[in-house]
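Look at the model below, and keep two topics in mind.

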Amino acid sequence: MLKALGMASRPRTLYEKIWDAHVVDQRADGTCLVFIDRHLVHEVTSPQAFEGLRVAGRKVRRPDLTLAVPDHNLPTTPRKDAAGNRLPIADPESAQQLAALEQNAPAFGIRYIGATDREQGIVHVVGPEQGFSLPGTTIVCGDSHTACHGGLGALAFGIGTSEVEHVLATQTLLLTPSKTMEVRVEGALGPGVTAKDLALEIIRRIGAAGGTGHVIEYTGSTIRALSVEGRLTVSNMSIEGGARAGLIAPDDVTFAYLKGRPMAPKGADWDAAVSYWRTLVTDPGATYDRTVLIDAAEIAPNVTWGTSPEDVVPITGVVPDPMDFADPSKQEAARKSLAYMGLEPGMRMQDVAVENIFIGSCTNSRIEDLRAAAAVLKGRKKAPGVKWAIVVPGSGLVKEQAEAEGLDRVFKDAGLEWREPGCSACLGMNPDKVPPGERSASTSNRNFVGRQGPGARTHLVSPAMAAAAAVTGRLSDVREMGGDA
Amino acid sequence: MDPVNHVEGKAYPFGRKNVDTDVIIPAHWLKTISRIGLGRGAFEALRAEPGNLFDDPAYAGSPILIAGDNFGCGSSREHAAWALGDMGIKAVIAPSFSDIFSGNAFKNGILTVVLPQEAIDRLMEVAKTDEIHVDLENQTVTTPFQDRFSFEIDPFRKQCLMGGLDEIGMTMAMDAQISNYEQRAAAAWPWQAGGANA
Ligand code: SF4
């Protein structure tokens, strides 16, 4: 039985084990039909896929393996009035996409967690939190940050609308195997240095296209020491390093996180699952196509200065001179980035003033992220120069937990807004946007031109660093803030 | 997906080179939740010109479009193929196509026929007055005037188009293998079965 499901005797990487276990059929040209265990669906990339099914008279093959949650378009302002009635959505196009998902999910027999349900949130926060995402599974979603779930040891990646339809109809995808890259991080992270700083460091080292064609496996003592929340953050940004997916071998930390989650296995199933999950490690002697080594002690709290997630410097650093780059195309890109960002070479990053603070997104909106931000903000106020500062929990359950811990009070007392869960200012698709020409310290994952709104200037940082920027009104070194931080 | 074999009828003698997907369907149509109805947005900017080809009653409902080099370049939006399909186009004939566009066209059951520029010039002439016949099985384009042009097509794509099999249809034809995998997986990893219903 196990042989039939791809248990080979030669040493294999974690990626190869999960891949082999999911091959339904292999074509002569090497393309494989791969089974998909979990499909997350949101409102933006699904309407045409459902329509395609309807036009062709097709059903969803495995509605039980599919979970629909709205997140991208949903405003983060209150969703019900005082009487508990649902409030309408102002933007007609957003309203239409949200209504389409709300109708499509039940019409195709798919479990739907709606805008006003307490479990609603960003798909990539909800999946792990519900125990829908499990180690060793293949997970897809019409969103590139699906890589996030790799933090649990799942092979997870983003797909386009045609592929969404293909998975809905067949529960499979046609894929070619990826190359493997090991990113091994050893040692302890310094005080004030978080999983986000590590993720940014990795992208700085390998480059935004460094992982192209690869799946990255993160290994080493630093990774093992991360919480599941931190692992999800690191894996989430694999796509920013060009890799389609990231992987972290599941261990006791993972199992403790998953145990008791609503959709996680229970009873005897749980025990069987854990003993299988323990085999999901790269075998001694297995080889990666490429290995990158990073010493955790060298990592400082990081910030981005440009419009690519590889444009990273330590907070103690300065804006680089485009001429510092050897590659002429990178020089040109840096010049364009600096013009867009309104920065001059040699400026100290800590002198850069920010008017907007965004704490949220599938990268950094879990409970640990909110605790880290609150630890810095406790007993402090946001700087007068900060015009807009919002904290957007990743899900309704994160929101409840944060409120039970009194974190919402800390944020509100500091002058930050406490919002409803969703993608929010991670992308300029819903009402939460950074105004043109203004700057934000943001815990999201993309600093692309216009990502947070037309003309918005994004500096990617960790939640603690975003909180520090809120207090000082400029990009700041959280290590100099004192207190709990 | 409807099988494609013979596409016969009037053809739009368009002929323009480097038509990008923004011309085929402008970006503001991308916010839609449907691929049906996109035909109304097809060639929107060109259609704003009085007397344009696409609103000429002589060509209304033509199933064939004759275009110039590099048709469908630019953004990868699948909406371009959806828009052409929705306006009734079943085959596009051009000297060359962008790879992404021809892939998207194929996925949506639209035949892309590559012919040399001389053949295109001749077909543009014929299309003004007469019908054109694309025969996928024999890989020819013919006219009522004894013109006969042969074209090449990837055998896999030909088979899919003639069988009316889109990629999803092809995979659905492997139902037995998928079911077999599902049974093996259910036995090996029973804890995964519940999914979203657990
Ligand atoms: S929070 Fe941002 S990156 Fe994450 S799913 Fe939403 S839009 Fe995508």
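The paragraphs below take the ligand and then the pockets.

This is a predicted model, in which local features need pLDDT of at least 70 and side-chain atom pairs count only at pLDDT 80 or more, while totals for chains, interfaces and linings use all residues. Residues are numbered from 1 along each chain as its sequence is written, chains are lettered from A and ligands numbered from 1 in the order in which they are written, and side-chain values use heavy atoms, with hydrogens and water left out.

Around the ligand are residues of chain A, among them His72(A), Asp143(A), Cys423(A) and Arg451(A); a residue is near a molecule if one of its heavy atoms lies within 4 Å of it. The shell has 5 nonpolar, 5 polar and 2 charged residues; Ala, Val, Leu, Ile, Met, Phe, Trp, Tyr, Cys and Pro count as nonpolar, Asp, Glu, Lys and Arg as charged, and the others, Gly among them, as polar. The ligand lies between domain 1 (14-175) and domain 2 (303-480) of chain A, because both give residues to its shell. These domain bounds come from an automatic or database domain assignment.

The largest pocket has a volume of about 1,000 Å³. A pocket is an open set of points on a 1 Å grid over the protein atoms alone, where a 1.4 Å probe fits, with protein on both sides within 12 Å along at least five of seven lines; lining residues have an atom within 4 Å of a point. Volume is the space filled by probe spheres set on the points, which are joined across faces, edges and corners. Of its 37 lining residues, those closest to the centre include Met1(B) and Arg35(B). The lining has 15 nonpolar, 9 polar and 13 charged residues.
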